[in-house]
There are 2 protein chains.
Amino acid sequence: MSDIIVQKFGGTSVADTTKIKSVADAVIKEKELGNDVVVVVSAMGHTTDYLVKMAKEISEKPSAREMDMLLSTGEGVSIALLSMAIQEKGYQAISMNAMQIGIITESVHQKARIIDIKTDKLRKHLDDGKIIVVAGFQGVTEDGEITTLGRGGSDTSAVALAAALRAKRCDIYTDVEGVYTTDPRIVPCATRLKQVSYGEMLELARVGANVLHPRAVETADLSKIPIRVRSTFKLDNKGTLITGVENMEIELSQPVTGVASDLSQVRIVFCDIPDVPGNAAKLFGTLAKENISVDMIIQSYARTGNNTNDIAFTIDKADLTRTTQILESIREDLSAGAIHIDDNIAKVSIVGAGMVDRPGIAATMFETIAKMGVNIKMISTSEIKISCLVEKKDSDEAIKALHTIFNLDSDKIAVVKGDLPNI
Amino acid sequence: MSDIIVQKFGGTSVADTTKIKSVADAVIKEKELGNDVVVVVSAMGHTTDYLVKMAKEISEKPSAREMDMLLSTGEGVSIALLSMAIQEKGYQAISMNAMQIGIITESVHQKARIIDIKTDKLRKHLDDGKIIVVAGFQGVTEDGEITTLGRGGSDTSAVALAAALRAKRCDIYTDVEGVYTTDPRIVPCATRLKQVSYGEMLELARVGANVLHPRAVETADLSKIPIRVRSTFKLDNKGTLITGVENMEIELSQPVTGVASDLSQVRIVFCDIPDVPGNAAKLFGTLAKENISVDMIIQSYARTGNNTNDIAFTIDKADLTRTTQILESIREDLSAGAIHIDDNIAKVSIVGAGMVDRPGIAATMFETIAKMGVNIKMISTSEIKISCLVEKKDSDEAIKALHTIFNLDSDKIAVVKGDLPNI
């Protein structure tokens, strides 16, 4: 029995018919190696933007269900065209959308999670020797409603398919050559990582490395499917392998694997919350119920005299309007004070499985930033990540300094074309 | 229980978001009359052309299955946008594609016929007060394969849905104000018909009246669903009603209802076919097996001496390449001679339920054409239609003369905007 390889090509890789033909070559190359191949594709280039623009012309707030119906058409186009391109080169191919396969999601529109993938039709087509071209980003509920998976959806589709089919590997083709120690736009001597662990990749993704969505990494981690991130247009480059195995060599020699900055957050300070048990739970419970993810949290010590706390936390910019509405609505209930918003911030993070039990790493990070005369507004840490909130203007310099101090600078300039990820 | 009205809007009616908003008004107007409304829409404007162009860039002969996957996305866009537009105006709407409804077709790609339509979900949504926006032109096989219905597909979808739901009426909205006695581009004083029978409409459609596809008319005739053809942009105009009831008044006063020309045919003469029983059957049987429709047929008398026939027939231009291939392949088997092709022809027809049992009508037609010095190359007749094949250059003059001789000229100029149908 052949190994199954799942490949995923994003929107820029299938942006026009010429590029689609190149993708067909990459697909056939994998098939020629003797593998069964399942290819997941996104909508072509700017299709999604165009569809969203039309929807906005009709309604400021179009219904989530109809947005999913609208957006899911984008992948229908790219799977049909890629199948034709593969067939034109003399190989058998068949396109399938989420409804045809049975990529079952929960009944939530625009950010549904996959709960099951039917594999019977897929296995039959693979057994028949066909290359299967699958629409990414979309799913279907048990009731036959079309859903979409939200940001990073096609990556998640690919990894989930790989898991369902027990694939040997999931290859994410993109317009960069792999995962870098940091954003080569900021640090030209950034180094491509040959290998990185799920945990490290997850933290890197969470702190702004757009190369792979955290949901996809989580899904891969759960099923232990190795992911390879590689360039669509440079097939000789092996890219970066993301696996469950920690890279011991790097761990011993390099405590830090990557450095990244996240400019999408905004800091909120909710002042003068009475220091009563349950108030913080009420605040964050309400936000959680509204599906708003909170990242860094700091609660100040209760001030002497008035017995109140200030609670500072960061959220994604996209959630700001809804968050302030929620805070206003519970302010009276909490007898709380003013709400301050600061969107002039950047979260600078270092990530590495090698930093566990090396207390010197955090100190080196703080010291490096302090030496630049930059004030650290908030700090958060995990097993393999340390993040510092700084002013936006200081972000790039901090990244450069940290990249150097943790020995990540390459002796050669990173050659990366097209849209670059944040790491 | 409310009456159900099925409406159908073609590609030009939903060509952009502004037009989609106008369509939403027309839909809501029908709903406000107290009816349950099901709306069938085609792909926006030139979407289909654009998709076909991309497919042709990839493959000269893309697979029919993948073409259906590709083209079916077009309606996915328009149903989502129209649903949003209706919702934006404060009404409940839900879009549904063929797979979600269960518009079951035979397993043929690019020209599938509908064999069943599931109505349970449709009825549930109508009972909930929702306006249902349905993707026209597409179907799904029992195996979950996406199919398309071919030319006139959305009209057929609308009429078939009306039949399945036992609708009161099927309104075909188009960019003309109804069905005319002939093409107003050729005869400016063409008259809009208030009413026309299924049979007449079928013949008119078959001889080139693009306003409604013959398949849609046939489907309506079978289920006796009245069709109203009317303008999207002039909602005060009542259009033309197509019903099973012959319009007795017109029948008595006007033997001919309409005049039309069809420029899409090509005449083939297959020479020197030995006059042996079964040869004609072999010829037309082979063409039928390849799904090629033959229209007019003339077989010459066997010539003295060589005992062979010439068989002349007309087919659609689109089938020419395949037809000549087939003829070449059976020529030896039939011991037949040369194949002559003439695409410089037009089929000019008069249609009217009132011409039954009035032998003078045919004579008047032939005489009128003869007086113009025009040679008639072939003739075919049915109960309610007489067609003459003439040279293309004589077509318009023949139409004008016939329109006048059969008293169809209106005393006022037909006011018709946009793309005009052939009648």
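**Cavities of the predicted model.** Three cavities of 30 Å³ or more are counted, a cavity being a set of points, on a 1 Å grid over the protein atoms alone, where a 1.4 Å probe fits but cannot get out. The model is predicted, with local features needing pLDDT of at least 70 and side-chain atom pairs counting only at pLDDT 80 or more, while totals for chains, interfaces and linings use all residues. Residues are numbered from 1 along each chain as its sequence is written, chains are lettered from A in the order in which they are written, and side-chain values use heavy atoms, without hydrogens and water.

**Lining of the largest cavity.** The largest cavity has a volume of about 270 Å³, volume being the space filled by probe spheres set on the points. It is lined by 19 residues (an atom within 4 Å of a point), of which A:Asn97, A:Ile146, B:Ser72, B:Asn97 and B:Ile146 are the closest to its centre. H3(A) gives the most to this lining, with five residues, and by class the lining has eight nonpolar, 11 polar and no charged residues.

**Crossing of H12(A) and H13(A).** The axes of helix H12 (residues 360-371) and helix H13 (residues 395-405), both of chain A, come within 10 Å and cross at roughly 135 degrees, axes being lines fitted to C-alpha atoms over the stretch in contact, with angles running from 0 to 180 degrees between N-to-C directions. The contact (heavy atoms within 4.5 Å) joins A:Thr364, A:Met365, A:Thr368 and A:Ile369 of H12(A) to A:Ala401, A:Leu402 and A:Ile405 of H13(A).

Conventions: Helices (H or I, at least four residues) and strands (E, at least two) are DSSP runs, numbered from the N terminus. On a 1 Å grid over the protein atoms alone, a cavity is a set of points where a 1.4 Å probe fits but cannot get out, and a pocket is an open set with protein on both sides within 12 Å along at least five of seven lines; lining residues have an atom within 4 Å of a point. Ala, Val, Leu, Ile, Met, Phe, Trp, Tyr, Cys and Pro count as nonpolar, Asp, Glu, Lys and Arg as charged, and the others, Gly among them, as polar.
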